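Have the sequence and the 3D view open as you read.

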Amino acid sequence: LKSLESKYSVFDGNGNGDGSGSCNLSHHPSDHPNHIRSPTTMGFEALLLPLIQSRLLYPTLFLLTLIFLLRLQYNRLQEVIRTTSPVPNVSPVPNAHPLFGHYSLLMNPCQHAFLFKDHATPSGISSMWGPGLKRCASVLLASHARLILRQTSQRDFSEWIIRHGRKTLGEDSLILIPGGSRWKGVRQVVARAFTHDVVRDQCRVIGKTARELVAWLEWSCDRDAGGGNAEDGEDPAIEARDFFKLYSFSVFGRTAMGYDFQSIPKGDKTRRHPHSSRECMPPEAVAFESLNFDIGRRAMKPSALMNPAMQLYWIPSRINRAYWRNSNMVNKMMGGIIGNHMDSMLRLSSHKDNSSSEGRPGGEDTGLRSSLLTYLIHSCMEKHFSKELSPACPFAASSSRPTLSSSSSYVDASSFKPPSNITETARRKIIQDVSKILHTLLLAGYETTALSLSYDLTLETGNENDKNGKGSHATILKGTRIIMNLEMIHRDERNFVRATEFVPERWVRWDSRKGRWVDRDYKAEGKCSMEQGPSSVASTSTPPSLSSEYTIEHSQADCIPAANSANFFAFSDGARNCVGRRLAIMESTLLIAELFRDLCVGFADENFELVKEINFVTVQPVSLPIKFWKR
Ligand code: HEM
């Protein structure tokens, strides 16, 4: 190269031979009688010259070597994809990207049928690659899903979700802790607030909220029917997503925080049409929603992963400023509510000996209305003041605590008594802890994630259509990420008969002796139909006429077998199942009962097509315009 440099310096355009000028092509070295070279050599030399002259040669060589090594690695990954499968003996879903695997397909709910169904084995196992060629698998058979969910408590989130989730939800967010003793401790504390008795106490408040919502709808139906709609030029279509969120925020506020957001309009004069339900959301709820949306946006959008302004919160970008504004608003609201609640708990606690009415630290009045918060505050205070707790686990359950499943009397039974006076620092820390738990709980209403296997697992495929025949096995290796699409499991004929149809009678039958609908017993009916043939189900399940539209002829109970509730995973299963399922079931049951007593619902647009999107951890409809009318 030195000789090349000196040679070219002779033909320097400036003629001074110092290599400072550009190459003058009229003095090309090939003109020299002693230098007859091929055009390739000439091109190569012409390319090298500016590099040599500008001292860029070594950085360029380094870059080229790097590109070469990356290319080698890329080829190696392609070879891995070609020759191996994430689940041995199960052909992987095609078209995996060597770096991102099937990530882009996984992020698109419209592609899930392709991933989880079209390319699954006859026994419903699909084999995929995650980013960085992490082994991924998915199952469709309920028996497989049950086995996996009941044997693992390890949740597997991407590093990005953990990072951004923790920023908003805190270090001890139940959802984000992968597993182990730390998760167990937090789970115990939170689960105490959702026992059967505690949730039953909330029934009255939830029912009241549902009635207010239905009264609002009925008012709007009357108004629309009376021509109010035409006058105002309003569109009576209601966005289901916003409307039902308003309900869950109101319920959560009243049950978990003892706080009324006043978001369901009451009184004819001030009422707005329910299609404006988004505008009726309190600003704190909108801020909370934005924070949750923000986690997904920062952690899952490929463009955001490369954008420093989306990854570093201190950069004063528009999105970061909005984040801090929303975060402050939510923290201020929660801090105020928790602080007030804690102060009244402490006041009551200091008078405890004089009062016989206090079954719970919050006292009779507040305890019933917001016992969830009372329980959480009590647990967090215990964490702060109990010397027995392990410092490694902020919520570690002490041996003196009553067992988890012991019912709502935990607070009464707990040996911990809150002090009458606490320092401002301790008070602030407790408020912060409870606030983060509440934030997680509010978010978790929409939660669904992936599990990671910490052992080897063999799934019996047992299907004669499987490649290896009946009785064959698929082995899912340790560390494989299991992604379960619960909606697809529920809509699979192998798990439920007529799985895609709405047939509630698969769950209930009319009991004429009791005069009401009762849950069907899958095991008993299965046994009965085996002994007496399929017609035995029919005689016990004749429903009464519920309304002019619903008659005995419409009943499906006679022609559908009882469904197996163990195949129903809407709230997951095993140790990592939904901690708030009792509250969620009560919330939805009461609303459905109130709603459909006098109202009917339908799509606002007959040609409506459902489009879904992944938002942090759930799949939601992008839009779902509906209409209500009176029966
Ligand atoms: C219809 C409403 C709901 C559905 C369908 C639902 C569903 C689920 C599912 C499937 C999981 C497991 C996710 C996984 O394995 O990765 C889960 C976890 C969880 N849910 Fe729910 N949930 C609902 C409502 C609620 C409510 C109202 C709360 C609390 C107020 C709640 C709190 C939680 C928590 C804290 C977890 C995490 C538990 C843990 O990691 O140990 N959920 N939920």
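Helix H17 (residues 318-350) packs against helix H21 (residues 424-444) at an angle of about 120°, their axes lying 9 Å apart. Axes here are lines fitted to C-alpha atoms, for helices over the stretch in contact, and angles run from 0 to 180 degrees between N-to-C directions. Do keep in mind that this is a predicted model, in which local features need pLDDT of at least 70, side-chain atom pairs count only at pLDDT 80 or more, and totals for chains, interfaces and linings use all residues. Residues are numbered from 1 along each chain as its sequence is written.

**Helix H17 with H21**
- H17 passes H21 in a right-handed crossing (the near helix is turned clockwise from the far one by less than a right angle).
- On the H17 side, the contact is made by Asn 331, Met 334, Gly 335, Ile 338, Gly 339 and Met 342; H21 brings Ile 430, Ile 431, Val 434, Ser 435 and Leu 438. Two residues are in contact if their C-beta atoms, placed from the backbone, lie within 7 Å.
- These residues divide into seven nonpolar, four polar and no charged (Ala, Val, Leu, Ile, Met, Phe, Trp, Tyr, Cys and Pro count as nonpolar, Asp, Glu, Lys and Arg as charged, and the others, Gly among them, as polar).

**Helix H10 with H12**
- The axes of helix H10 (residues 203-225) and helix H12 (residues 240-256) come within 10 Å and cross at roughly 150°.
- H10 and H12 are therefore roughly antiparallel to each other (angles over 145 degrees count as such).
- Val 205, Ile 206, Thr 209 and Leu 213 of H10 meet Tyr 247, Ser 250, Val 251, Arg 254 and Thr 255 of H12.
- By class, this contact has five nonpolar, three polar and one charged residues.

**Strands**
- An open sheet of three strands runs in the order E3-E13-E10, with antiparallel pairing (strands pair if DSSP finds at least two bridges between them).
- Strand E3 (238-239) and strand E10 (599-603) are the edge strands, each pairing on one side only.
- Five bridges join E10 to strand E13 (residues 625-630), and Phe 603 has Ile 626 of E13 as its bridge partner.
- Four bridges join strand E5 (residues 457-460) to strand E6, and the two run antiparallel; Glu 460 stands opposite His 473 in E6.

**Whole chain**
- The protein chain holds 25 helices and 13 strands (DSSP runs, H or I of at least four residues and E of at least two, numbered from the N terminus).
- Of its 631 residues, 30% count as buried.

Terms used
Buried ≥ 20, exposed ≤ 12 C-beta atoms within 10 Å, placed from the backbone. Parallel < 35°, antiparallel > 145°, perpendicular 65-115°, else oblique.
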